[in-house]
Amino acid sequence: MKIAGIRLDLIVPGVCGLALLFGLPIFLDLFSLLQVTLYAIMAILALSLAFIWGYGGILCLGHSAFFGLGAYAYAIAVINIGESTAPFLIAILVPTLAAAAVGYFMFYGRISDVYVGVMTLTLALILFNVVNSTSGAQYHIGKAPIGGYNGLPNVPGLNVPFDPDNSLDPGDMYYLCMGLLIVVYFGLRWLLTTRFGRVAVAIRENEKRVEFIGYDSRLHKLATFTIGGGLAGLAGCLFVNWGAYVSPTTFSMMQSAQVIIWVLVGGVGTLFGPMIGAVALSWLTVEVGSQQLIDANLLFGAILLVFVLLVPRGIMPVLIDRVWGRISLPRRPVFTAPPVAAREGKR
Amino acid sequence: MSGSNVPQPLIEARNLTMRFGGVTAIANVDLSVAEGELRCLIGPNGAGKSTFFKMLTGQVMPSEGEILFRGTRINGFEPHDIARLGIGIKTQVPNVFDGLTVRENLWIAASRRNRGKATERAVARELERLELGSIADRLVGQLAHGQRQWIELGLVLLTEPALILLDEPAAGMTEDETVRTAKLIGIIKQSCALIVVEHDMKFIRMIASRITVFDRGRILVEGEADAVLSDQRVRDVYLGKRAA
Ligand SMILES: Nc1ncnc2c1ncn2[C@@H]1O[C@H](COP(=O)(O)OP(=O)(O)O)[C@@H](O)[C@H]1O
Ligand SMILES: [Mg+2]
């Protein structure tokens, strides 16, 4: 039964992913495909926070710091280098190293969970202000101006690795982003089955016990946080490529808050849920943006409130209990336990 | 190891002192436990028993004195380093992974020392020893108090420590559960040393061992169970206070 449960767990998202990857380009026009590409990028960003917060138990309030670093690192590197292979890697490396450095001080300094949240928030604020206030010609890194609040327009897009003449068109970008989303999702799924992944979850449950067992919780938290930072950077890099433009809003509070809302709405402690949250709410942002009647921020505030009060576990855990619970009982740790009656049947 | 004929103690506290601001929780305690020994630690609430355990496991830094484990000074070591040296602890307030199943809980502990199939086997063995097989796939957070205590015990045992500290392992247990826990301790003591903090006199008689009595952060008496339990000073500070 459990084997069947695990398979369904893998098969459903696997089939969905592949169907979307190869099916959507057939059915959608280019404009819609571009839209879906953006959703895929945001879903990667959502996964990065879903991993460190939902599984690692580390609440990162300033996740846009790593998203923005990935975006700017790519833009500045590609303007200087031209060919995009190295810039792509730099865009992942810079936020990864930043997360490692900040994480080292936070976790080896054993600061409390609340201050971890505050420190990450502060990091994002500092980066936003620094980048936002460097608009003069005197602020540049190599050939690239930083651009201040104007950001950097006309950022060259990705090319086929080591082949600068062969740049990716929007169709290629779709396959790249959707493909990476699938890889990241299943990569994290796999990671969570390893000893490292399970210990990371155990730290969320009870850090003290993890240490009494003999695992270095600081090292595990650092690794979790660093992986999340790197993935957020990857999303940032793809985001610049999507719009050929980067601005300080990638570092903004609104950006950080959005990711948190996606994860909350989708379900803290799941991976699939936050992806759905990211796609649904990004879609909503576009829809609301195209009319004047309702203010987007107000709407998001209302959605957040509704979920916190009425569906605190998020969409995914509820869906799993209601629908899949009947068939297969795939079990993943969540904050609130599923109904006892449903579990009893399994034994 | 040491050249002399006197066997080196497994763990030794020398002049150990712990102050919290103005409160002295532990004052100049000298205590040593031999390899394979079972020691009971008793004393009224606030005597400093849990604080003593916290120092041994690196949760708090002693204000003064030193702790030697097999001759190595372990003051200031990180808790996970101390755990790896071979000291396990079951805390007074259970520390388990509530959001995970019993099996997942044990897996985390078992994979400290095992890899692959060996981990699964170690988990299966522990489930059997603790008779937890029927609840293996339940979430630990949903289980009764006594069961959670045994799961925590399982987490400690799976790391195969040389010294196990048990802080009130039978607290809140029914009579039957207490008897079972005492039996378990009987089995455990064949493979490692134990220091057990307990209030329940019946329980202490069941596991009958050498006893150290703490009172207001100091050692009041130390000796064999019969002698200590009939000591008038012990009755005064301990039994007297308990009844109150
Ligand atoms: N973190 C702390 N801060 C201040 N005082 C503490 C702290 N931990 C323990 N104490 C004090 O130390 C004394 C011993 O406590 P404890 O070791 O828990 O006793 P026991 O386990 O024997 O009941 C008590 O007076 C308690 O209030
Ligand atoms: Mg105590």
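This is a predicted model: local features need pLDDT of at least 70, side-chain atom pairs count only at pLDDT 80 or more; totals for chains, interfaces and linings use all residues.
Biologist: Let's start with ligand 1. Which residues are around ligand 1?

Modeller: Begin with the list of neighbours. Here they are B:F20, B:A25, B:P44, B:N45, B:G46, B:A47, B:G48, B:K49, B:S50 and B:T51. The shell divides into four nonpolar, five polar and one charged.

Biologist: Which element gives the largest share of the shell around ligand 1?

Modeller: Helix α1 of chain B, residues 49-56, with three residues.

Biologist: What lies close to the oxygen atoms of ligand 1, backbone or side chain?

Modeller: Check each pair of atoms. A polar backbone atom of B:G46 is 2.8 Å from a ligand 1 oxygen. For B:A47, a backbone N or O atom lies 3.2 Å from an oxygen of ligand 1. B:S50 uses its side chain, where an N or O atom is 2.8 Å from a ligand 1 oxygen. Now look at cover. On its own, ligand 1 has 560 Å² of accessible area, and the protein covers 61% of that.

Biologist: Next, the metal. Which residues coordinate the magnesium ion?

Modeller: Name the donor atoms, then the distances. Ligand 2, the magnesium ion, is coordinated by B:S50 through OG and B:Q92 through OE1, at 2.1 to 2.2 Å. Then place the donors in the fold. B:S50 is in helix α1 of chain B, and B:Q92 is in the loop between β6 and α3, so the pair ties together parts 42 residues apart in sequence.

Biologist: Where does A:D216 lie?

Modeller: In the loop between α8 and α9 of chain A. A:D216 counts as buried because its relative accessible area is 14%, under the 20% cut-off.

Biologist: What does A:D216 touch?

Modeller: Leave out residues up to four places away in sequence, and A:D216 touches A:Y108 and B:H80. Its side chain also makes a polar contact with the side chain of A:R218, at 3.0 Å.

Biologist: Last, the backbone. Which residues have a positive phi without being glycine?

Modeller: B:R70 lies in the loop between β4 and β5 of chain B, and is partly exposed at 31%. Another is B:R216, with phi of about 45°. B:R216 lies in the loop between β9 and β10 of chain B, and counts as exposed at 61%.

How values were computed:
Residues are numbered from 1 along each chain as its sequence is written. Chains are lettered from A and ligands numbered from 1 in the order in which they are written. Side-chain values use heavy atoms; hydrogens and water are left out. A residue is near a molecule or strand if one of its heavy atoms lies within 4 Å of it. A polar contact is a pair of N or O atoms within 3.5 Å; within protein, one must be able to donate a hydrogen and the other to accept it, and residues adjacent in sequence count only if both atoms are side-chain atoms. Accessible areas come from the Shrake-Rupley method with a 1.4 Å probe; for residues, only the protein chains shown count as cover. Helices (H or I, at least four residues) and strands (E, at least two) are DSSP runs, numbered from the N terminus. Ala, Val, Leu, Ile, Met, Phe, Trp, Tyr, Cys and Pro count as nonpolar, Asp, Glu, Lys and Arg as charged, and the others, Gly among them, as polar. Donors are N, O and S atoms within 2.8 Å of the metal (3.2 Å for Na, K and Ca); water is not among the atoms, so sites may look incomplete. Buried means under 20% relative accessible area, exposed over 50%, partly exposed in between (1.4 Å probe, protein chains only). Contact means heavy atoms within 4.5 Å.
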